[in-house]
Amino acid sequence: MNAATSVEWVPALVVLGAGLIAGFVLVWRVLSSSRRAAKAGVASLEARDLAGKREVLLRQLRELEDTASKRTPEQLARERYQLELETAKTLLALEEKAPLDKESAASGPPKRASLQPAPDAARGRAGLRGFLWGVGSAAGVVLLGLFVYQSAKPREPGGSVTGNAPMASKPAGEAADGEEAQLQAAVARTPDDVEGHLALARLYVERQNWMGVWNETARVLERAPSNPSALAYQSLVRLVMGQTDTAVTLLTKALASDPDLIDGYAYLALGYMRLGRPRDAEAAIATASKRFPERAADLGKYLTALKQNETPAAQASAASGKPDPHAGLKTPGEGASAAQTASTGRRVAGTIDVDASIRGKLPAGGILFVFARPAGGSEGPPIAVKRLPARFPATFELSEADSMMGQPLPDQLLIEARLDEDGDPTTRPPTDPKARLDRVKVGRTDLRLVLKRP
């Protein structure tokens, strides 16, 4: 046998042999005790019978003296002789079973305690105790054998010398993927579980997987159109995509249903700041601080950060000279969507680069977003979105797997790309570099977009 996988059997066999010997000794002792208890019980029973017979004979002798006047002298002598003879035999047999001391023999009946047999209950308990000891000993031997057998298996190549599992921890990414897989499996088993979909959406919010957030909240809103948490999470997606008015409407509705939704106040303040309504943002934070006093300091810092970093959407649109390209996307449950083509496997692909005038001037940590909309519909809802790292030239592919609602791609598309320079998808500065191609036929894989500042 290979030395790397050999097994040292001697210690295992020694332990097994010791266990077997100990088990046999225990079983023998239990059985011996049981037999002794049984013999003692039989002897005690016979002694008790003899003692009872002796008592009867002695009583008859006393009664014989009392009734002597009713018998002739010959009858009295004959009956006394028979009773005395029988009493003597009984006393001899009783002495063999339980010897009496001289004082007890002279005074008459011996003490009951010396002849009292063990009760039946005690004998039953002794037998049960012996049986349980035997079963326990046999089970111990079997378990010991199983333990030795399992512990003596060959060591796997590269395995621990002691047989223990390695203590290496899983990477953080694998643990996160495992959590997502568990939540996805849970909602797959019970598709109508609203809380399961919300838990998955919450995980996607933490990872900034906005398409995942949209899809999970869409499933919740199909079953519960007024669910406050689903409306709040979907409003955050709309804030990311620039649909600030719709987001504020959804948040107002969510907070009316659940005033204790603290995230809703934070999202609402963000929406008000982007709409150029700082007083309404302050009012939202003040309401949240009053309802959650333990979070008042954090909410105040959050409001200060919003005032310093957020640019109102109206100013952004005026600076860019273009309307909001994300307006008009319907919330799931608000109405039926337009009929889409049923073909599958439709996609577009290409590369995205930056203009030479801004190359080398882009900050690190940016995020690249690629949107697909129906051709000629710059103000229509996005059909598909993909988020990419800002490394140029960047290759991209949009397919039905990237669809926000799972619908197929139409025959012609408007493709837009935007570089979010600050890396925060909830902001949308008007100076972000952008590019677009219209009337793109589905199936093209040679697209090229060049990002430029507005």
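Phe-369 has 4% relative accessibility and therefore counts as buried. The model is predicted.

**Aromatic pair**
- Phe-371 also counts as buried, because its relative accessibility is 4%, under the 20% limit.
- The count of aromatic pairs comes to 1.
- That pair joins Phe-369 and Phe-371, with 6.2 Å from centre to centre and 20° between the planes, and is stacked.

**Nonpolar cores**
- The largest nonpolar core has 48 residues, and the members touching the most others are Trp-210, Val-213, Tyr-233, Tyr-267 and Leu-268.
- At least two residues of this core come from each of α7 (194-207), α8 (210-223), α9 (228-240), α10 (244-257), α11 (262-274), α12 (278-291), α13 (296-309) and β2 (367-374).
- Helix α9 gives the largest share of this core, 8 residues.
- Leaving aside residues up to four places away in sequence, Tyr-267 touches Val-205, Ala-232, Tyr-233, Ser-235, Leu-236, Leu-239, Leu-251 and Tyr-302.

**Surface patch**
- Phe-131, Leu-132 and Val-135 make a nonpolar surface patch of about 310 Å².
- Val-135 lies in helix α5, which covers residues 120-151.
- Val-135 counts as partly exposed because its relative accessibility is 43%, a value between the 20% limit for buried and the 50% limit for exposed.

Conventions: Residues are numbered from 1 along each chain as its sequence is written. This is a predicted model: local features need pLDDT of at least 70, side-chain atom pairs count only at pLDDT 80 or more; totals for chains, interfaces and linings use all residues. Side-chain values use heavy atoms; hydrogens and water are left out. Patches are made of residues with over 30% relative accessible area and no salt bridge: like charges are joined within 9 Å, nonpolar side chains (Val, Leu, Ile, Met, Phe, Trp, Tyr) within 5 Å. Accessible areas come from the Shrake-Rupley method with a 1.4 Å probe; for residues, only the protein chains shown count as cover. A salt bridge is a side-chain nitrogen of Lys or Arg within 4 Å of a carboxyl oxygen of Asp or Glu. Helices (H or I, at least four residues) and strands (E, at least two) are DSSP runs, numbered from the N terminus. Buried means under 20% relative accessible area, exposed over 50%, partly exposed in between (1.4 Å probe, protein chains only). Rings of Phe, Tyr and Trp (its six-membered ring) pair if their centres lie within 6.5 Å; planes under 30 degrees apart count as stacked, over 60 as edge-to-face and the rest as tilted. A nonpolar core is a set of buried Ala, Val, Leu, Ile, Met, Phe, Trp, Tyr and Cys residues joined through side-chain atoms within 4.5 Å. Contact means heavy atoms within 4.5 Å.
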